[in-house]
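The following exercises are meant for a reader who meets this structure for the first time.

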Amino acid sequence: MARRDLPIPPAQDGADLEPAAAGRGRAKLILFGEHAVVWGEPAVAISLPVGAKAEARFSVAPHSQLRLKDGRRDKILAAVDARPPSAEASQDAALQAAFYALLGVFEPPSALDVQVDLEIPTGVGMGSSAALAVAAARAIAQLLERPDLVEEAVWASERVFHGNPSGLDQQMASARSGLYIWARQQPEETWAARPLKAPPLTLAVCQAAPGASTAQMVELVAAKRAREPALVDQLHSFIGHISRTAHQALSQADWARAGELMDLNHGALVALGVSTLQLDLACHAARSAGALGAKLTGAGGGGCVVALTPDGAGPVLEAWRQRGWSGFEFHITG
Ligand code: PMV
């Protein structure tokens, strides 16, 4: 998504007079299982208390418009009309295509003005695209009184950003905040997110590098699998095994084991080719400063690292700060 500084466009005539409908979507962090989850393996993820807030109203403009705002600074990140997708590969074009896909499901009777305030950075592995889509779809659904279309609209939007989304981001963006295991359930093999009961856990997160496109990272793994199907499938099932074992470790508050599993998971992501030098360095710095484990989170190619810090994240945040990465600590109640 775009990070350009754009002037704030004036509200469309009368738009501010229309009552707005509101919606919310949550950001997520994957603790275990990214990429392998696209190929059917379980994942452990956190639905965060922050994400995106949206307002939708009818507009007199010729096209529906999405204004994406950085909720922390009063800044417009992108303003796009809903038009058919172009072949352009820019982040604005992707945002426009996603908005077009989302509106294509709702087919509103007239143009809409949709404003989304993002509370998290984009493209760093925190599920900003799903948070945005869920918030916007919920607001539009409320305006048009079509709550039945939310899921389909978010899926259409997520396909633009992810290519082949696992559905995990969408689930986490729609869920209550907390810790979940996302896995296929017997007997129908349908996917579901089950809350994972665990004692409170403390994590440190930092953005170690600019983010990469999720769709490109997912494609990169698919291309590797096409070249080496047996080896890549083994890596995926290895990661799936880690997610299942981590479920036990977290629910028993076995932090040492959970940390070791994070390191193993990171190693497998390195083998899949989705880590970078910066992400590896951030993991090493966290472990040297006392984290029990650390790994990249999300699609990789840049973005964020998460570290397990049951005794407090202070030393890890300081080690990152010395290397120029700002991070934050958060507590999760399972
Ligand atoms: O980087 P994010 O927040 O888009 O997460 C991507 C997670 C993947 O497993 C790589 C893709 C998916 O659809 O689950």
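The model examined here is predicted.

**Exercise 1. Determine how the salt bridge of Glu 119 connects parts of the chain, and how accessible its partners are.**

Solution. 
Step 1. Identify the partner. Glu 119 pairs with Lys 53, and their closest N and O atoms are 3.8 Å apart. This separation meets the criterion, which is a distance within 4 Å.
Step 2. Locate both residues. Lys 53 belongs to strand 2 (residues 43-58), whereas Glu 119 is found in the loop between strand 5 (112-118) and helix 2 (128-144), so the pair ties together parts that are 66 residues apart in sequence.
Step 3. Lys 53, at 43%, is partly exposed.
Step 4. Look for further partners. Arg 24, Lys 53 and Glu 119 are linked in a network of salt bridges.
Step 5. The whole structure contains 11 salt bridges. As a general principle, side chains of opposite charge can pair when their charged atoms come close.

**Exercise 2. Describe the salt bridge between Arg 321 and Glu 318, then that between Glu 55 and Arg 57.**

Solution. 
Step 1. The N to O distance between the side chains of Arg 321 and Glu 318 is 2.8 Å.
Step 2. Both residues lie in helix 9 (residues 314-322), where they are three residues apart, about one turn of the helix.
Step 3. Arg 321 is exposed, with a relative accessible area of 53%, while Glu 318 is partly exposed at 32%.
Step 4. For Glu 55 and Arg 57, the closest N and O atoms are 3.5 Å apart. Here Glu 55 is partly exposed at 37%, and Arg 57 is buried at 11%.

**Exercise 3. Characterise the second largest pocket by its volume and lining.**

Solution. 
Step 1. The volume of the second largest pocket is about 360 Å³.
Step 2. Its lining comprises 21 residues, and those closest to the centre are Leu 48, Met 126, Val 205, Phe 328 and Phe 330.
Step 3. At least two lining residues come from each of strand 2, strand 8 (201-209) and strand 11 (327-332). Strand 11 gives the most, with five residues.
Step 4. Sorted by class, the lining has 12 nonpolar, seven polar and two charged residues.

**Exercise 4. State which residues are closest to the ligand, and give the distances for His 35, Gly 127 and Thr 214.**

Solution. 
Step 1. The ligand is surrounded by 16 residues, the closest being Lys 28, His 35, Ser 166, Thr 214 and Ala 299.
Step 2. An N or O atom of the His 35 backbone is 3.0 Å from a ligand oxygen atom; for the backbone of Gly 127, the corresponding distance is 3.1 Å.
Step 3. Consider side chains. An N or O atom in the side chain of Thr 214 lies 2.8 Å from an oxygen atom of the ligand.

**Exercise 5. Describe the largest cavity and its lining.**

Solution. 
Step 1. The count is one cavity of 30 Å³ or more, and the largest cavity holds about 50 Å³ of space.
Step 2. Its lining residues include Leu 66, Phe 99, Leu 132 and Ser 157.
Step 3. Helix 1 (91-106) and helix 2 each supply at least two of the lining residues, and helix 1 gives the most, with four.
Step 4. By class, this lining has eight nonpolar, one polar and no charged residues.

Methods:
Residues numbered from 1 in each chain as written. Predicted model: local features only at pLDDT ≥ 70, side-chain atom pairs only at ≥ 80, totals over all residues. Heavy atoms only, no water. Buried < 20%, exposed > 50% of the residue type's maximum accessible area, 1.4 Å probe, protein only. 1 Å grid on protein atoms, 1.4 Å probe; cavity = no way out; pocket = protein on both sides within 12 Å on 5 of 7 lines; lining within 4 Å. Points joined across faces, edges and corners; volume = space filled by probe spheres on them. Nonpolar A, V, L, I, M, F, W, Y, C, P; charged D, E, K, R; others polar. Near = heavy atom within 4 Å. Polar contact = N/O pair within 3.5 Å; in protein donor to acceptor, adjacent residues only side chain to side chain.
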